[in-house]
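Have a look at the sequence and the model, and then follow the text from the surface to the contacts between side chains.

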Amino acid sequence: MNNRKNRKTKSKKINTNFVIFCALIFLAGIIFYKSAGYREQKEALAVETSELEEQLKEAKEQYKKLEDYEAYMKTKSYVEDVARNQLGLVYPDEIVIRPEE
């Protein structure tokens with residue numbers, strides 16, 4: 001009778017070990033599958049980061065140009081350019097020669 005109990009106990013241990021082994025293999029598969037998805041997501045985020053960094057660089061360059069233009073607008077040279085080109089004004093001692101149309 002002890003022999004039968006030992007056999008059943010060994011059989012249950014083997015079945016339990018097999019179930020545990022299968023569960024571990026299953027979990028390892030899930031982890032591998034999820035990690036592949038995370039790698040793809042990481043690559044996509046790296047591409048997006050580089051694009052955003054490029055946009056930031058362009059925005060900083062545009063900001064610098066606008067600051068320079070603002071400084072130019074505060075000069076006498078800018079006022080003269082606007083007066084000449086848009087308003088057609090000239091200094092009193094200047095002679096304007098215009099081509100015939």
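The accessible surface of the protein chain comes to about 10,200 Å², and carbon and sulfur atoms account for 60% of it. Keep in mind as you read that this is a predicted model. How much of the protein chain is made up of buried residues? Among its 101 residues, the buried share is 0%. As for secondary structure, the protein chain has 2 helices and 0 strands.

**A nonpolar patch**

Now look at one piece of that surface. I20, L24, F26, L27 and I30 together make a nonpolar surface patch of about 490 Å². One of these residues, I30, sits in helix α1. I30 has a relative accessible area of 35%, so it is partly exposed.

**Salt bridges**

How many salt bridges does a search of the whole structure find? The search finds 2 salt bridges.

Take K64 and D68 to begin with. Their closest N and O atoms are 3.3 Å apart, and the two residues form a salt bridge. Where do they sit along the chain? Both belong to helix α1, which covers residues 2-73, and because they are 4 residues apart, about one helical turn separates them. K64 is partly exposed, with a relative accessible area of 46%, and D68 is partly exposed too, at 42%.

The other salt bridge joins R84 and E94, with 2.9 Å between the closest N and O atoms. This pair links distant parts of the chain: R84 lies in helix α2 (residues 76-85), while E94 lies in the segment after α2, 10 residues apart from R84. R84 has a relative accessible area of 34%, so it counts as partly exposed. E94 is partly exposed as well, with a value of 31%.

**Aromatic rings**

A pair of aromatic rings is described by the distance of the centres and the angle of the planes. The count for this structure comes to 3 aromatic pairs. One of them is Y69 with Y72: the ring centres are 6.2 Å apart and the planes meet at 45°, so the pair is tilted. Y69 and Y72 both lie in helix α1, 3 residues apart, which is about one turn of the helix.

Y69 also pairs with Y78, and here the arrangement is edge-to-face, with 6.2 Å from centre to centre and 85° between the planes. Taken together, Y69, Y72 and Y78 form one aromatic cluster. Are these three tyrosines buried, exposed or partly exposed? The table gives the reply for each.

| Residue | Relative accessible area | Class |
|---|---|---|
| Y69 | 43% | partly exposed |
| Y72 | 29% | partly exposed |
| Y78 | 21% | partly exposed |

Y78, at 21%, is still partly exposed, because buried means under 20% relative accessible area.

Methods:
Residues are numbered from 1 along each chain as its sequence is written. This is a predicted model: local features need pLDDT of at least 70, side-chain atom pairs count only at pLDDT 80 or more; totals for chains, interfaces and linings use all residues. Side-chain values use heavy atoms; hydrogens and water are left out. A salt bridge is a side-chain nitrogen of Lys or Arg within 4 Å of a carboxyl oxygen of Asp or Glu. Buried means under 20% relative accessible area, exposed over 50%, partly exposed in between (1.4 Å probe, protein chains only). Patches are made of residues with over 30% relative accessible area and no salt bridge: like charges are joined within 9 Å, nonpolar side chains (Val, Leu, Ile, Met, Phe, Trp, Tyr) within 5 Å. Accessible areas come from the Shrake-Rupley method with a 1.4 Å probe; for residues, only the protein chains shown count as cover. Rings of Phe, Tyr and Trp (its six-membered ring) pair if their centres lie within 6.5 Å; planes under 30 degrees apart count as stacked, over 60 as edge-to-face and the rest as tilted.
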